[in-house]
Amino acid sequence: GANTVRIIVFPHTFGWPTITSTMATRFADTLQIAASEHLGVQLTLFNWWNSFSEVSQSQAWLRQLLDPYASDPEIQLVELANEVNPSDAAAVAWVRALLPTLRSVMPHTPSTVSVSGTEGPAGFAELRAELAGSPLDVADIHFYDDAAEAYAWMLAAKRAAGPLPLLIGEAGYPVIVSGYDGLEGGELRQAQWYSVVFAAARAAGIPPPAPWILYDFESGAIPPPEAPAPAITYHFGLYSASGQWRPSVWVVKEAFAGQNVDFTNSTSGLSGMHSMLVWTPDLPQQGELAYDPEVGYLQPGSVRLSSTHTSQAGSPAFSLVPTQPAIPGQQWTVSVWAKGTNINGTAQLSLSWFNSSGVYLGESSSKPLPQGNPSWTQLVVRTQVPPDATSVQLSLKSSDVAGTVWFDDVQITVSS
């Protein structure tokens, strides 16, 4: 379903202040490859660039690169610079000076500059105001935040974009391998993050965000601008560096086709992987929390909590941000199957509601699992999304239980 490829240009790699013939040829070849694959191109210029005093040199360099492609149909968007800091006066002045040059060279191609996930919608609104004399054609904002913030963030991004078409030009989550669930769990959590973000964008009326990035980077592939890149930076790929497929590929493919993948309810299409692996342990030091590959409701695979105790921080649990965004007025029915041994405390399902600022609004909980040694029992929450809520966290809790509780097969039904 992908129809566009992003090509990022580094001035000091291409040659500065004059582009080398070798890199000019490689650039032409890359555009030709995109055309042969029927892909449009988003072209990002001046990446890792901060020589903002060199305005005339930048203008000349831009003309040298793009003059041959003034009417190139493959180049569908030109991003003058990646992740401009709206608080950097020199950077903003440079952008203001370069945008007219870009438009004179590529008069029929939309242009933009992006802001980082750190700057977010507020940063783009600030930048847009600063560029009022040289307006952008497209709003390009990046997103790397917690999945719980996705829906509120998307709504804020739409407000910041105003009348401009909105592109989430980068969105990504790394594969983090933990001792709890290993590589498989890390890959599933990445896929879950994408499922939440794509669903939030769709609910907000925004096109699917652009995933960062297709492949992991090989070790040492990222040159240090000032310090070595953190190890986590290498592992954002939808594929591993060796080309191994990850579940996120399926999520992205479905999103580009206009469909949501819901890991909360099932893992259909992911042979051999179990949806309970995407649940994250909270306060694991207050009990023994683990994924149990041997025990399950309909098939093996559940989360298990044993010997739990409550503190001022709360109760240990497995938590998850569901794919479906919370919209006030909706009716939610959430269920989970649970069983236990020596249940002498409280084991239950709960939904915690938050507003766009992340402020806790309250909780909706099921009845607790019966005391003693209950067999598989369905726990259910039926509730309405409260006013001002923009996100919800599901929790499978165990409070002061000396024995063990297993949870499996979570189902969510949402109606208007």
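Colleague: What share of the 416 residues in the chain do buried residues make up?
Modeller: Happy to start there, with the reminder that this is a predicted model. A residue counts as buried when its relative accessible area is under 20%. By that cut-off, buried residues make up 50% of the chain.

Colleague: Which elements make up the secondary structure of the chain, and how does its radius of gyration sit against the globule rule?
Modeller: The secondary structure comes to eight helices and 17 strands. For 416 residues the globule rule gives 22 Å, and the radius of gyration of the chain is close to that, so the chain is as compact as a globular protein of that length. The C-alpha atoms fill a box of roughly 80 × 45 × 40 Å along the principal axes. The radius of gyration itself is 24 Å.

Colleague: Among contacts between residues at least 6 apart in sequence, what percentage join residues at least 24 apart?
Modeller: A contact here means heavy atoms within 4.5 Å. Taking the contacts in the chain between residues at least 6 apart in sequence, the part that joins residues at least 24 apart is 75%.

Colleague: Let's turn to the open sheet of three strands; what is its order, and which strands stand at the edges?
Modeller: The order is E5-E6-E7, with parallel pairing. Two strands of this sheet have a single partner strand each, so one side of each is left without a neighbour in the sheet. Those edge strands are E5 (114–115) and E7.

Colleague: Which residues of E6 stand opposite Ser114 and Val115?
Modeller: E5 and E6 run parallel and are joined by two bridges. Ser114 has Asp140 as its bridge partner. Opposite Val115 stands Ile141.

Colleague: How many residues of E6 and of E7 are buried?
Modeller: In E6, Ala139, Ile141 and Phe143 point one way and Asp140 and His142 the other way, and all are buried. That is five of the five residues, so E6 is largely enclosed by the rest of the structure. E7 (residues 166–171) is largely enclosed too, because its buried residues number five of the six.

Colleague: What about E3: which of its residues is the bridge partner of Gln42?
Modeller: Four of the five residues of E3 (residues 75–79) are buried, so this strand is largely enclosed by the rest of the structure. E3 pairs with E2 (residues 40–44) in the parallel sense over four bridges. The bridge partner of Gln42 in E3 is Leu77.

Colleague: Last one: where is Ser311, and how far is it from Leu283 in space?
Modeller: Ser311 is found in the loop between E10 (302–306) and E11 (317–320). At 30% relative accessibility, Ser311 counts as partly exposed. Ser311 and Leu283 are 28 residues apart in sequence, and their C-alpha to C-alpha distance is 9.5 Å.

Key. Residues numbered from 1 in each chain as written. Predicted model: local features only at pLDDT ≥ 70, side-chain atom pairs only at ≥ 80, totals over all residues. Heavy atoms only, no water. Rg over C-alpha atoms; globule rule 2.2 N^0.38 Å. Buried < 20%, exposed > 50% of the residue type's maximum accessible area, 1.4 Å probe, protein only. Pairing = 2+ DSSP bridges.
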